[in-house]
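Biologist: Could you take me through how features of a model like this one are read, giving the general idea before each case?

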Amino acid sequence: MTSAKTARRPHHWRRDMIELAALFTAVAVADAIANLIGHQPDGPYLLIASAVALAITAAFHTWWARRYSHAPPPPGSGPVAEGDGAATALGTDVAGPAAVDMPTAAAPAASPEDTALWRMRTTVRDAPGSLAALCGALARHRVDILTLQTHPLARGTVDEFLLRAPSLLQAQQLSRAISAAGGSSTWIERADAHDLVDAPTRVLSLATRTALDAAELPLALRQLLGRCTIHSLPAVSVTGRATGETTPVEGVLEETVMRLRDPSGGAITIERPYLPFTPTEFARARALVELDARLGPRVPRSRDVLTLPEGNEITVRRADGGDLEAARAMHDRCSDRTLRLRYHGPVHDADRYLDHLLSPRFGRTLAVRTASGRLVALGHLLWDGDETEVALLVEDDWQRRGIGSELLSRLVALAVEAGCESVYAVTQSSNTGMVAAMRALSLPLDYQIEEGTLVITARLDTTPARSLPPYEQAGR
């Protein structure tokens, strides 16, 4: 490890005198050579050839110095844009998210003392001195190593670093330095303050969240493994047919894909195309799934009592498979139009979706009950790979009372707390109630209409996470 700050060298007048003397000497030598050769028959040609040779030598020296120099970048180079990243996977550079060009007046120049956080992973030979060579390369670039994890492989070792580097240092420069020091399959991306938590603490925190709420397992896996796509594939489809999705108890690891047995049946598939999984990551993910299997079905049982504008009290709480019969009874009381607006298909198939919707494996469901205990509304937050869907169903007699808007705002709060960048709702263009509820969120919305189907997407990436409702706070 090395400090990110280095004292500047003082400026001495003697260095300027030496450089000036060298310049005068070079001019005198060049003039003598020109007078000696210029009077020969081939003198002009020799001078031109010498000039070309000097130009080629200077160009080669400049290229070599820029490619292999370990000096920090000059102060005039631009800073790394926020969110910008560069990855080198299996020897191929892969650019990260595109940076937005800003006007010079709007983008203040980075100070040489400013720093940025980077996450870096590279593979080195399992030999004495390999890690020392990497640390030496980082030290020459004034990069501070904050944390280090090692992932042993059959051949070599994957070293994962959290680095604090000068903000003027580009990802490509860092990647080249690591490659020159013996690292391969190097991957680099920007980090933030959340990455400062050490690995054991983060894993324990994720295990605690999983133990309190079964719906947290997909989220815990995503936070454990970084940017990845998680699919929960049930063993039985909504129509009652076997899907054939299964996996061995010990799981399967295939480079960028891992498959684990779902405790509730079926399989959990995790994909991360940009970075292969290591055996250490596979073991951690399998431990989280085993913890979930041992604890069995569970959801927080706290509830929140609200008073509607007309004075009726309702109770909002998390729902699970224990609410299946009450949900079916609500289906029987709903009109065909209400069911069609929710399920976009034949009304007689509505009950088939409830097992899936009420399972905590596929998301979170909020249930609304009246003072008498009748279930009158359901709100669903469904994990859909990289995306998140919100859906509402409110019994006819309880519509237009603000229940849908209340459920939707709470579902969005859960999505923000889970780190989702956006949520989308699929409905029909005639469903004015759902459109009004989405607009009431006061979030940036995108609309897509195709053959009467309306998809509304709300972007959450700039939305601050609001405080959790009481029924979620108790579970934390």
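Biologist: How many of the 10 residues of helix 6 are buried?

Modeller: Buried means a relative accessible area under 20%, exposed means over 50%, and partly exposed lies in between (1.4 Å probe, protein chains only). Helices (H or I, at least four residues) and strands (E, at least two) are DSSP runs numbered from the N terminus. In this case 8 of the 10 residues of helix 6 are buried, so helix 6 is largely enclosed by the rest of the structure. The buried residues are Glu216, Leu217, Pro218, Leu219, Ala220, Leu221, Leu224 and Leu225. Just after helix 6, Gly226 adopts a positive phi of about 80 degrees.

Biologist: What should I keep in mind about the origin of the values and the numbering?

Modeller: This is a predicted model, in which local features need pLDDT of at least 70 and side-chain atom pairs count only at pLDDT 80 or more, while totals for chains, interfaces and linings use all residues. Residues are numbered from 1 along each chain as its sequence is written, and side-chain values use heavy atoms, with hydrogens and water left out.

Biologist: In what order do the 4 strands of the open sheet come?

Modeller: Strands of a sheet pair through backbone hydrogen bonds, either parallel or antiparallel. Here, where two strands pair if DSSP finds at least two bridges between them, the order of the 4 strands in the open sheet is 7-10-9-8, with antiparallel pairing. Strand 7 (229–233) and strand 8 (252–254) are at the edges with a single partner strand each, so one side of each has no neighbour in the sheet. From one strand to the next, the twist averages 15 degrees.

Biologist: Which helix packs on the sheet and touches strand 7, strand 9 and strand 10?

Modeller: That is helix 6 (residues 216–225), which touches strand 7, strand 9 and strand 10 (267–271), contact being heavy atoms within 4.5 Å. The direction of helix 6 makes about 30 degrees with that of strand 10, where axes are lines fitted to C-alpha atoms, for helices over the stretch in contact, and angles between N-to-C directions run from 0 to 180 degrees. Helix 7 (residues 279–295), in turn, lies across strand 8 and strand 9, and runs at about 25 degrees to strand 9.

Biologist: How many bridges join strand 8 to strand 9?

Modeller: There are 3 bridges between strand 8 and strand 9 (residues 257–261), and the two run antiparallel; Leu253 stands opposite Met258 in strand 9. With a relative accessibility of 58%, Glu255 counts as exposed.

Biologist: Where is the hairpin that has 4 residues between its strands?

Modeller: Strand 4 and strand 5 form that hairpin, and Gly156 in the turn has a positive phi of about 95 degrees. Strand 4 (residues 144–152) runs antiparallel to strand 5 (residues 157–166), the two being joined by 8 bridges, and Thr150 stands opposite Asp159 in strand 5.

Biologist: At what angle do helix 5 and helix 6 pack?

Modeller: Angles under 35 degrees count as roughly parallel, over 145 as roughly antiparallel, 65 to 115 as roughly perpendicular and the rest as oblique. Helix 5 and helix 6 pack at about 170 degrees with their axes 9 Å apart, and are therefore roughly antiparallel to each other. In this contact Arg202, Val203, Leu206, Arg209 and Thr210 of helix 5 meet Glu216, Leu217, Leu219, Ala220, Gln223 and Leu224 of helix 6. The contact residues divide into 6 nonpolar, 2 polar and 3 charged, where Ala, Val, Leu, Ile, Met, Phe, Trp, Tyr, Cys and Pro count as nonpolar, Asp, Glu, Lys and Arg as charged, and the others, Gly among them, as polar.

Biologist: Which residues of helix 5 meet helix 7?

Modeller: The axes of helix 5 (residues 199–212) and helix 7 come within 10 Å and cross at roughly 25 degrees, and the two helices are therefore roughly parallel to each other. Ala199, Val203, Leu206, Ala207, Thr210 and Ala211 in helix 5 meet residues of helix 7, namely Arg284, Leu288, Leu291, Asp292 and Leu295.
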